[in-house]
Amino acid sequence: MKFSGFSFRQGILDILRDFHNIRIYRNTKRSLSSIDPYFTNKIGQIRFCNSIKRQERFSFASSIRILSSLKTMENVAKPVEDAAIATECVAEGVKMETTNHEGQTQYRLRIKNIPKFASIKMMRDLLANNECGQVKIQKSPKWDYCFAILKTEEQQLDVMNKLKGIEFKNKKLSVHIDNVTERDRQALFDRRKNKKEQKIEQSGVQKSPEEMLADQVTPLHTYEYQAQLELKQNGIIKSLRTFCDKMKESYNDNKSNYNSSWLKEECDFNLPFDLKPMIHSPILEGYRNKCEFTVGLNLKGEKTVGFLLGAYKDGLNTVLGPHDSIHVSDVAKKIVEAMQSYIEQSSYDVYDRRTKQGNWRLLTVRSQKCGDIMIIVQMHPQGLSKEQIIQEKANLLEYFKSFAHEKNFNLTSLLVQMYDGLSNGISYKDPFDCIHGTPFVYEEMMDCRFRISPAAFFQTNTLAAELLYQKCGDIIKELYESKDTSESPTLIDMCCGTGTIGIVLSKNLGATIKGVVGIELCEEAIEDAKINASLNGINNAKYILGPVEKNLSALNEFNHSTSGTAIAIVDPPRAGIHKNVVNALRTCQAIEHLIYISCDHNAVVQNFMNICRPTSNAFPGIPFKPVKAIGVDLFPHAKHVELIIEFHRNRSELTNLPSTSSILQNNETE
Ligand SMILES: C[S@@+](CC[C@H](N)C(=O)[O-])C[C@H]1O[C@@H](n2cnc3c(N)ncnc32)[C@H](O)[C@@H]1O
């Protein structure tokens, strides 16, 4: 039904604004000239569209109120049809809601004006501290907003009221209703799909599905390996130049006398420090020791286990088998084939991320250099009874045991995860049910042995990771070899995973390292790290569970004169470390050398800058300066590369540092 003949400026906004849970978009470029409520016909919602198709959705209760308001507007607005019809339609919508859940609404609040670094946990805590209870939060690290997902409309209103006027990190939050239905999601998916298809058509390049998959999972596969390394080295140079250019600006703007002469040095590639030639991966094919395979439908609509042909955000959810994927190991390919046959014969459907129907979701294979194999099968439990789940696990066990026997491989661990969430990957929060063998596998590197649990991170290219760790060892050796062991540093292994770096370096460098302190977020990984230390005879290692940004007091301990020196190795996830962690490193008097390992050099330029900035209130402590950098290729045929940067600062300058404990305390409580 259409209303016409009025504009928002003529008063409708004022009337609708009376309803505190309604947000109206006003488009500044085009005036909103008509309002067109209609029904999603699944859930009793109406939408109000403006002339450029921007839509607002309102719940059933709100719809009634809006429509009754509109009735009173007849002097301003002339409904094309009678508003009474609309009320009937709303009633019809309600009837449908009880019979059809397909278009179920997700009651969301969009909370804006939050810092990008605010984590999901921070936002969850904020809501809990404001008596909103435990609320599910969706947020990407790039967003300055997040969504709070509520179960009912009442809850939505309640939370919105409770957050009204609240400040977070000195910013006033703004909170708006942002409901979304399944139908909206599907429409968005279709739009992206069409756009992607059009783009492919317009490019005029017709590729086979296999080529498209190779482009997706190993985008550099058409280049010779040497050319791949050059591309990656150029990428590193670009990021490092950005870092140095920004540093120059930062030092120019700063009135302090800090020594910025390092920025004037001239080394190769126009960089003020050495960038060494990249270390190659010793293995180019089948190098991945861990792969996650999606279960879905191929282009013919057949059940398939493999990789997604494109990103779901681009509207692609077709899956193709990994037969031609050069980075996947032969054993993983065999396991995929086995799973494929199993699922083909299963009466359960594959999970469709778009419709949210089906059961089979994901197959994860860890195939270690030393022969251990872990298989994790992930299912959506919807529509399955307890008995059916038990039966399915028994079937999987029998099937994979006889498959392993037939193919003569060591099935060390078979796990099943039931996961009803939305993400397309392993859920590290939901439990893994170990139905065969041990709930972990082992890997060997640099004369050490490592236990790896399903949720723990482990570098995916073991042979190349050895070179990465060896390089870190070389740096430390060079720095401390000529010194007396009384000067040996403690190694602070930040984001230590299963303890690999601290353990291999301790074992291989002996007395050059006095002890290890590892900090890691993942509980299973930290348990592995403790076991791994004793497995490898390292008895001077201490492990701390939790996010590094909340465990900065571990660094504070090094600020006592008796604690000696420390060297920090930071190996964070792609996005890098929190600013508070940078500041804790800068203010930790024991740290003279810092080794930063990054798998996304572009994303961490800001971290590098913050490590080296002149001292200010926002960045206390003595800045570091980069000494040398080197890339290590752990991912042949893919775009990523690991980058190691060694930073240094003078101990003489450190003795003048102000007391840091208060800074650390503040950081931890933030
Ligand atoms: C790139 S991995 C490196 C792991 C380890 N250094 C290695 O080489 O195996 C990053 C690790 O950081 C952990 N992590 C992510 N965010 C973290 C945080 N805020 N605090 C501590 N650890 C974190 C992840 O669980 C993961 O184990």
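A salt bridge is a side-chain nitrogen of Lys or Arg within 4 Å of a carboxyl oxygen of Asp or Glu. In this predicted model, 13 salt bridges are counted by that rule. Three of these pairs are described below.

Asp633 and Lys232 form a salt bridge whose closest N and O atoms are 2.8 Å apart. The pair links distant parts of the chain: Asp633 lies in the loop between strand 28 (625–632) and strand 29 (642–648), while Lys232 belongs to helix 8 (residues 225–253), 401 residues apart. Asp633 is buried, with a relative accessible area of 0%; Lys232 is likewise buried, at 4%.

Arg110 and Asp178 are joined through their side chains by a salt bridge of 2.8 Å, N to O. Arg110 is in strand 6 (residues 105–112) and Asp178 in the loop between strand 11 (174–177) and strand 12 (180–181), so the contact ties together parts that lie 68 residues apart in sequence. Both Arg110 and Asp178 are buried.

A further salt bridge connects the side chains of Lys530 and Glu527 at 3.5 Å, N to O. Both residues lie in helix 13 (residues 523–535), separated by 3 residues, about one turn of the helix. Lys530 is partly exposed, with a relative accessible area of 40%, and Glu527 is partly exposed, at 37%. Elsewhere, salt bridges with shared partners join Arg108, Arg110 and Asp178 into one network.

| Salt bridge | N to O distance |
|---|---|
| Asp633 and Lys232 | 2.8 Å |
| Arg110 and Asp178 | 2.8 Å |
| Lys530 and Glu527 | 3.5 Å |

Methods:
Residues numbered from 1 in each chain as written. Predicted model: local features only at pLDDT ≥ 70, side-chain atom pairs only at ≥ 80, totals over all residues. Heavy atoms only, no water. Helix = DSSP H or I, 4+ residues; strand = E, 2+ residues; numbered from the N terminus. Buried < 20%, exposed > 50% of the residue type's maximum accessible area, 1.4 Å probe, protein only.
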